[in-house]
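Dear colleague,

I am passing on the structure that I mentioned, and you will find it directly below. My notes on it follow, and I would be glad if you read them with the model open beside you.

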Amino acid sequence: QVQLVESGGGLVQAGGSLRLSCAASGRIFSNNAMGWYRQAPGKQRELVAVISSGGITNYADSVKGRFNISGDNAKNTVYLQMNSLEPEDTAVYYCYAKIAPLSARASFAYWGQGTQVTVSP
């Protein structure tokens, strides 16, 4: 079994910063990519940022220049540094990982339980 555990959400004023962390644990053969999605009330889940095991990153246009994603392959951990937060960033943030477990010869998508980020005006 592979599990993702997130931390770092909370309440912050507009213009402030938060840092999210997500660690994958379990019987992991390889970690191909990790990242973050978010879902605001009444909206679909959307990509925020993702980083491949090779360090290639992809960001949503709405967060470019404000958010920075980084990863530690040895620890199967991903971080999201969020700066200049806006009320529109308020959402539940979900950690995502594309991992090949030891028990399989294919990669699967895994999700964390979600962490609330609330940005007040």
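Is Arg66 buried or exposed? In this model, which is a predicted one, Arg66 is buried, because its relative accessible area is 11%, and the cut-off for that class is under 20%.

The side chains of Asp89 and Arg66 meet in a salt bridge, at 2.7 Å from N to O. Since Asp89 belongs to the loop between β8 and β9 and Arg66 to the loop between β6 and β7, the pair ties together parts that are 23 residues apart in sequence. Both partners, Asp89 and Arg66, are buried. Through shared partners, salt bridges join Arg38, Glu46, Arg66, Glu86 and Asp89 into one network.

Glu86 counts as partly exposed, because its relative accessibility is 33%.

A search of the whole structure finds 5 salt bridges. Another one of them is the contact between the side chains of Asp61 and Lys64, with 3.1 Å from N to O; Asp61 counts as exposed, because its relative accessibility is 65%.

As for the fold, the secondary structure comes to 0 helices and 11 strands, so that the chain, read along the sequence, follows the pattern β-β-β-β-β-β-β-β-β-β-β. The C-alpha atoms fill a box of roughly 45 × 25 × 20 Å, taken along the principal axes. The radius of gyration is 14 Å, which agrees with the value near 14 Å that a compact globule would have with 121 residues. Of these 121 residues, 40% count as buried, and among contacts between residues at least 6 apart in sequence, 56% join residues at least 24 apart. The protein exposes about 6,500 Å², of which carbon and sulfur atoms supply 49%.

In soluble globular proteins, nonpolar side chains tend to be buried together.

Which residues does Leu80 touch, leaving aside its neighbours within four places in sequence? Leu80 is in contact with Leu18, Arg19, Leu20, Trp36, Val48, Ala49, Phe67, Asn68, Ile69 and Tyr93.

Lastly, a word on β1. In a regular strand the side chains alternate between the two faces of the sheet. The covered face of β1 carries Val2, Leu4 and Glu6, while Gln3, Val5 and Ser7 lie on the uncovered one. β1 and β3 run antiparallel and are joined by 6 bridges, and Ser7 stands opposite Ser21 in β3.

Notes: Residues numbered from 1 in each chain as written. Predicted model: local features only at pLDDT ≥ 70, side-chain atom pairs only at ≥ 80, totals over all residues. Heavy atoms only, no water. Contact = heavy atoms within 4.5 Å. Buried < 20%, exposed > 50% of the residue type's maximum accessible area, 1.4 Å probe, protein only. Helix = DSSP H or I, 4+ residues; strand = E, 2+ residues; numbered from the N terminus. Pairing = 2+ DSSP bridges. Salt bridge = Lys/Arg side-chain N within 4 Å of Asp/Glu carboxyl O. Rg over C-alpha atoms; globule rule 2.2 N^0.38 Å. Areas by Shrake-Rupley, 256 points an atom, 1.4 Å probe, with all protein chains shown as cover.
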